[in-house]
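Please look through the model below before reading on.

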Amino acid sequence: MYQLSNSVKLRMYDRHMILSVDCLNMKAGLKRQPRLTLEDSMEENIKKLIIQKQFKRTAALDPRCKAALLILIGCVSYFLNGEVVSLILVVTLALFIAIGNGVRWAVKMLVFYIIVAYLNALLRYVSIPVLSVIMSVFGVTILKLVPIAMMGIWTLRTTHMDDLMVSLQRMRLPQSVTIPLVVMFRYIPTLRIEYRMICNTMDIRGISDTFWKRIIHPISTVEYILVPLLMRCLKVTDELAASGTTRGLELEEKRYALNHVRFSWPEYAVTILGIAFLAALLFLDYTSIGEIIIWRV
Amino acid sequence: MNKKLNAKDFILIGVLTALMWIICMIISTVMSIAGPVTNVFYPAVVAIPNGIVMMLLLAKVPKKGVFAICGTIQGILFLLVGGFWLIPVALIIGGVICDFLIMGISEVTMKSMIIAYTIFSGIFAFGAIVGPMSFLRNAFVGAMEKNNIAQEYIDGMIKITSGFMPVVIVAAGLLGGLLGGYIGQKTLKKHFIKAGLVSAK
């Protein structure tokens, strides 16, 4: 049994995958195979399931590399002022994302960026006292946020949480940082589902939650939404803790990974190229190229 | 009683920090768009709903290190979203100070929870608004002018961060923390302690 528990402890399978593995295992168990082959076949099955869902090219980069790029883009994006330079940044990022399993997402964000840029340019010809100030700030904020959101959501989609965990541990971060961070990335998408469920329940009970009501009664909104959400959080924590502990989340030992998690030459190359590219953009911004206006109606 | 944090506590911290961060992002985005005056006071407003979450977290995990971990993770997320580098630094320093000055001395009680949270939110207000605006005003204004942000917004932003305003902003942050902690403990008593989910002194 030692072999089996060790292989299960190796990684945290947080992809609802363990369920199917368990089913396979139970079916195999009914046939009364010798225990040794059963363990072997289970390990093979787990490996197969993990390797099955692979990302390609840029999406297969080390999570640390993606995080470094994300931080760099976040630093640069707010200080790029020229319209051409920002467009170059967004287009390059879209290409980078399109290479790695994210064609649709890249196209969507690119179209969104262009539409917002045009609308923002249109705004110069309209002047409503208060609203136009608010809208211009809004537009610029969105334009600055598009590259970061594009990169961030793509990173979340193309990173397995277990790879992230392994790579964070290789950085020698203590458990007190890795576990909350990984849980958080895992939980942010779930929060939206929980929120929708709470809204549905409120609708059923006749306490419908409209935008107007949310503004008029902020305190009751907080109470109606936050308290059930917190209750759910406590529940989810119990479940996650149970499932994580059984899969060896608490272990302090060095983890081994089936996927290739290593900061080798492609990662170095991408990081250096990224830094060079962003530095070049910052430099171009100060030359005359930064002053060209393209969004004109 | 075991005073060391275990995996379950880490998971709870992760889940609740995710919630706090989402609340913070929504409120800060809405308020920074609405105008310069509201933009400056967003840490104070953020502290009020987050107070409920933080009080629950502290009541559920009354151990050393909760603030520091929470601040560190929020800081990492701010860094990933492209926040100014002073925000993560302020969050981490604030977390460590709150942990080892206040929670370290005595048992975690309702009072020390409120005091710790108040100081934490004051430091956050300093790191998020006062620090960047006083150190990097020229770069900030230059970036805003080039981006076609309306002149009124820039003028308002400068006016509201000069003179005595930094003190007012930090004070508002402290007040927001106090109010958030108070409301949070009321909510805690009304919903969570009654239901038997947490027990606090």
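The numbered points below start with the basis of the model.

1. This is a predicted model, in which local features need pLDDT of at least 70, side-chain atom pairs count only at pLDDT 80 or more, and totals for chains, interfaces and linings use all residues. Residues are numbered from 1 along each chain as its sequence is written, while chains are lettered from A and ligands numbered from 1 in the order in which they are written.

2. The largest nonpolar core has 81 residues, and among the members touching the most others are B:Val53, B:Leu56 and B:Ala125. Such a core is a set of buried Ala, Val, Leu, Ile, Met, Phe, Trp, Tyr and Cys residues joined through C-beta atoms within 7 Å; buried means 20 or more other C-beta atoms within 10 Å of a residue's own, with C-beta atoms placed from the backbone. Helix H3 (residues 42-60) of chain B gives the largest share, 14 residues; helices are DSSP runs of H or I, at least four residues, numbered from the N terminus.

3. Helix H9 (residues 165-195) of chain B has 31 residues and reaches 43 Å from first C-alpha to last, close to the expected 45 Å, where the expected span is 1.5 Å times one less than the number of residues. H9(B) bends by about 40° at B:Lys189; the bend is the angle between axes fitted to the seven residues ending there and the seven starting there. B:Gly196, with a positive phi near 80°, follows H9(B).

4. H9(A) has a kink of about 35° at A:Ile188, shortly before the proline A:Pro189. Its buried residues include A:Thr178, A:Leu181 and A:Tyr187. After H9(A) comes A:Gly206, whose phi is positive, near 85°.

How values were computed:
A residue is buried if 20 or more other C-beta atoms lie within 10 Å of its own, exposed if 12 or fewer, and partly exposed in between; C-beta atoms are placed from the backbone. Helices (H or I, at least four residues) and strands (E, at least two) are DSSP runs, numbered from the N terminus.
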